[in-house]
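Reader: I would like to learn how to read the pairing of strands and the packing of helices. Could you take me through it slowly?

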Amino acid sequence: MVQQASKEVIPLMTPYKMGQFQLSHRVVLAPLTRCRSYGNVPQPHAAVYYAQRATKGGLLIAEATGVSPTAQGYPETPGIWTQEQVEAWKPIVDAVHRKGGIFFCQIWHVGRVSTNDFQPDGQAPISSTDKQISPDAESGMVYSKPRRLRTEEIPGIVDDFRRAARNAIEAGFDGVEIHGAHGYLLEQFMKDSSNDRTDEYGGSLENRCRFAVEVIDAIVREVGAHRVGIRLSPFVDFQDCVDSDPVALGHYMIQQLNKHEGFSTATWWNLEWRSSTAAGRSLTGSCLPFRKAFNGTFIAAGGYDREEGNKVVAEGYADLVAYGRLFLANPDLPKRFELNAPLNKYDRSTFYTQDPVVGYTDYPILEDGSDTDESSSQA
């Protein structure tokens, strides 16, 4: 009798229990701004896009979705502050659920990462500060000078996040991910380079994190801790947002999350590792202590490939791995990872266009026989 060789165990393709959600694999669709929600209203073509990337028991996180009219900073991004937007999201969420997918909505407010053109009545973008972001030398982007929120206005912004979370659940989403990273409004408060306040929302670490903590607490009360995640990037310097002690910031926020029993996920973003190799990405690096301290599901993000993703799951660095550009270009990425199949190359020039098809739903899948690319681009 010939004994068959045992099938290779692929860490990314092993099942995982995320609180009350049973995942069939650990490959997560990262939230990706796609700029195709005309008039801030999600469109029918989004149902095609997300359904293409949905798998039974797979976790998808929707593109960053504005919580209010002042939350906008990019063209044609979706919102979830009106009933029209809620109704527009429903068939999109249904399309993912029909494939058996689990769908979270990332909710955000860009704060000062905006211009007067995106703001109601051309007003100044709101922020923790009135300090303007430095012009981007590479893109030539110039952001408008922000207006520092008055202390008494902040509870209203917290309520915008709470209402957006409630609306997301009404639209059918399984949960929400709070965007607390990448230099947007929550991080503008959290990091000391962009928070020069002297009220109870500025100064000490506890005060700087107060706004983010209030947002988390309000949303947990509204929809339940098991439906709430957050994205954090304490070590990243982006949009003039950097902290003098990111380790302390990260630990403090993990402590706040752990106060909520059953809190769903924390996505940890390490932009500085995007160009690193699997061999150079140390599991004893800056994020491992936070992964060990956090009671919920820890998601790693930041330019991972198949090899690195398998490594961080196998060695306990992360529970799940979020993929952006590779998942954009490969709607069937989990299957390709399982088969170790070639990957489509992504076209960076179509990332943020407003075309409803090109660079959006036209990437080939393995089943259609049209996939001929032999390698993925890591540029």
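Reader: Which residue is the bridge partner of Ile178 in S9?

Author: In this predicted model, Ile178 has Ile230 as its bridge partner in S9.

Reader: Through which helix does the chain cross from S9 to S10?

Author: The chain passes through helix H6 (residues 246-258) on its way from S9 to S10, and this β-α-β crossover is right-handed.

Reader: Why is S9 described as largely enclosed by the rest of the structure?

Author: A residue counts as buried when its relative accessible area is under 20%. In S9 (residues 228-232), 5 of the 5 residues are buried, so the strand is largely enclosed by the rest of the structure. Val228, Ile230 and Leu232 point one way, while Gly229 and Arg231 point the other way, and all are buried.

Reader: At what angle do H3 and H5 pack?

Author: Helix H3 (residues 154-170) and helix H5 (residues 205-223) pack at about 35 degrees, and their axes lie 9 Å apart. The contact involves residues of both helices, including Phe161 and Arg162 of H3 and Phe211 and Glu214 of H5. By type, the contact residues comprise 11 nonpolar, no polar and 4 charged. As for handedness, H3 passes H5 in a right-handed crossing.

Notes:
Residues numbered from 1 in each chain as written. Predicted model: local features only at pLDDT ≥ 70, side-chain atom pairs only at ≥ 80, totals over all residues. Heavy atoms only, no water. Axes fitted to C-alpha atoms, helices over the stretch in contact; angles between N-to-C directions. Helix = DSSP H or I, 4+ residues; strand = E, 2+ residues; numbered from the N terminus. Left-handed = near helix turned anticlockwise from the far one by under 90°. Contact = heavy atoms within 4.5 Å. Nonpolar A, V, L, I, M, F, W, Y, C, P; charged D, E, K, R; others polar. Buried < 20%, exposed > 50% of the residue type's maximum accessible area, 1.4 Å probe, protein only. Pairing = 2+ DSSP bridges. Right-handed = clockwise from strand over helix to strand, strands pointing away.
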